[in-house]
Amino acid sequence: MSEAPTPAIQVLERAFALLDVLARHADPIPLKALAEATGLHPSTAHRILNDLTLGRYVDRPEPGSYRLGMRLLELGNLVKARLDVRDAALDSMRELHKLTHQPVNLSVRQGDEIVYIERTYSERSGMQVVRAVGGRAPLHLTSVGKLFLAHDEPARVRAYATRTGLAGHTRNSITDLPRLERELATVRARGVSRDEEELELGVRCMAAGIFDDQGKLVAGLSISAPSDRLEEGWEPKLRDTAAAISAALGYRA
C-alpha cells in the first residue's frame with residue numbers, strides 16, 4: 001500500500017497532526033500531552049496552537065489546554081450544505097450501469113411518493129418503459145419506496161396505508177397492510193428491497209439505501225431490468241455502490 005502524501009509545507013503537516021489528535025478526544029487536552037502525541041517540541045506545538053486559536057480552529061478553554069474550535073463546525077456545515085446526493089452518486093451510477101447494462105436510478109422521498117432525480121440507462125437495456133427524471137411512483141410499489149417505509153415507525157406505515165389505500169398497479173402489487181408489514185420486515189432484515197413487477201409488469205428492481213452523515217436515509221439507488229434479466233449477482237455491487245455514495249456524504253457505518 002502506498003503511503004499517504006504529506007503536505008509540502010512542514011508547519012501544515014504539524015498543524016494537521018495536532019488537529020487529528022484533538023479530534024480523537026472529547027475533552028480538552030494539555031499542551032504536554034499534545035506535544036507527546038505528535039512528537040513535537042512543546043514550544044513548537046504551542047506556537048502552532050496559538051495560530052490555530054487565532055483562526056478559531058482551536059479553542060483554549062483554560063490556560064495550557066486545547067480542544068477543536070467552532071470554526072471547524074462552521075466549515076463542516078458549509079461542506080455538508082453543498083453536498084448534493086445527485087453529484088455524489090452520478091459517477092458511481094455510471095459505473096454500475098456499465099456493469100449491468102440496465103437502468104440505474106436515484107430516487108428520493110417526497111411525501112407518499114418517490115421521485116426519480118437521476119437515471120443512467122442506454123437503449124441496450126431492453127426496457128419497455130424508462131421513467132423520466134422527475135417521475136413519481138407510490139412508496140409501496142417501488143423498491144426504493146419500500147426502503148423508506150421500512151425506516152418508518154409502524155404507526156407511520158399504518159397512516160400511509162390509510163391515506164393511500166395501498167392502491168395497486170399490477171396483479172403483483174402489495175395492497176394489504178399485513179402483507180406490506182411482512183415485506184418491510186424482510187427489507188429491514190436484508191438491507192435491500194425488491195419490486196417484483198409490482199409497479200410495472202415485466203419489470204423487476206432491487207434497491208439499497210443511501211445515508212447522510214447523520215445516518216438518515218436520504219435516497220435510494222436501484223437497478224431496474226426486464227423480469228428475466230435481473231441478476232442476483234448484482235446485489236453485492238449495488239450494496240457496495242450505495243455504501244460508497246453514503247460515505248461520500250459523510251456516513252460512517
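Visitor: What should I know before starting?
Guide: This is a predicted model, in which local features need pLDDT of at least 70 and side-chain atom pairs count only at pLDDT 80 or more, while totals for chains, interfaces and linings use all residues. Residues are numbered from 1 along each chain as its sequence is written, and side-chain values use heavy atoms, leaving out hydrogens and water.

Visitor: At what angle do α6 and α8 cross?
Guide: The axes of helix α6 (residues 143-150) and helix α8 (residues 177-190) cross at roughly 90° and come within 9 Å. Axes are lines fitted to C-alpha atoms, for helices over the stretch in contact, with angles from 0 to 180 degrees between N-to-C directions. Helices are DSSP runs of H or I with at least four residues, numbered from the N terminus. The two are therefore roughly perpendicular (65 to 115 degrees).

Visitor: Which residues of α6 meet α8?
Guide: K146, L147, L149 and A150 of α6 meet L180, E183, L184, V187 and R188 of α8; contact means heavy atoms within 4.5 Å. By class, this contact has six nonpolar, no polar and three charged residues.

Visitor: And how do α2 and α3 cross?
Guide: Helix α2 (residues 31-38) and helix α3 (residues 42-54) have axes that cross at roughly 110° and come within 9 Å. L31, L34 and A35 of α2 touch P42, A45, H46 and L49 of α3.

Visitor: New topic: how many salt bridges are there?
Guide: The structure holds 19 salt bridges, each a side-chain nitrogen of Lys or Arg within 4 Å of a carboxyl oxygen of Asp or Glu.

Visitor: What is the distance between R94 and D91 in their salt bridge?
Guide: Their closest N and O atoms are 3.5 Å apart. R94 and D91 are separated by about one helical turn, because they are three residues apart in helix α5 (residues 85-100).

Terms used. Angles under 35 degrees count as roughly parallel, over 145 as roughly antiparallel, 65 to 115 as roughly perpendicular and the rest as oblique. Ala, Val, Leu, Ile, Met, Phe, Trp, Tyr, Cys and Pro count as nonpolar, Asp, Glu, Lys and Arg as charged, and the others, Gly among them, as polar.
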